[in-house]
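Subject: Structure handover

Hi,

Here is the structure for you to look at. Please open it alongside the notes below.

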Amino acid sequence: MRSGDAPLFTGKSGWWDFAHASRTDLAQLCGSLFLLLVGAYSLDARLTRRAAASAEAASR
């Protein structure tokens, strides 16, 4: 624990210092949960599906 958020655990910091330092971790966790639950939609996947659908329709 020589790097990162180790100074938070020295006993000199309080709750608000901890909450302030962990806000990026919480934002990353929330973002990951959102992508896990909703699904990651990418422009590449959408364009590939559209191109495949139009190629299939053209071959009929």
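Below is what was found in it.

The mean pLDDT of the protein is 79. A score of at least 70 is reached by 82% of the residues. Among the elements, helix α1 (residues 15–21) has the lowest mean pLDDT, 79. Helix α2 has the highest, 90. Keep one caution in mind: where pLDDT is low, predicted coordinates should not be read in detail.

Next, the fold. The protein has 3 helices and 0 strands. From the N terminus the order is α-α-α.

Then the surface. The protein has 60 residues, and 5% of them count as buried. Its accessible surface is about 5600 Å². Carbon and sulfur atoms account for 62% of that surface.

Helix α2 deserves a look. It covers residues 23–38, which is 16 residues. From first C-alpha to last it reaches 22 Å. That is close to the 22 Å expected at 1.5 Å a residue. Just after α2 comes G39, with a positive phi of about 105°.

Is L37 buried or exposed? L37 is exposed, because its relative accessible area is 73% and the cut-off for exposed is over 50%.

Best regards

Terms used: Residues are numbered from 1 along each chain as its sequence is written. This is a predicted model: local features need pLDDT of at least 70, side-chain atom pairs count only at pLDDT 80 or more; totals for chains, interfaces and linings use all residues. Side-chain values use heavy atoms; hydrogens and water are left out. Helices (H or I, at least four residues) and strands (E, at least two) are DSSP runs, numbered from the N terminus. Buried means under 20% relative accessible area, exposed over 50%, partly exposed in between (1.4 Å probe, protein chains only). Accessible areas come from the Shrake-Rupley method with a 1.4 Å probe; for residues, only the protein chains shown count as cover. The expected span of a helix is 1.5 Å times one less than its number of residues. pLDDT is the predictor's confidence in each residue, from 0 to 100.
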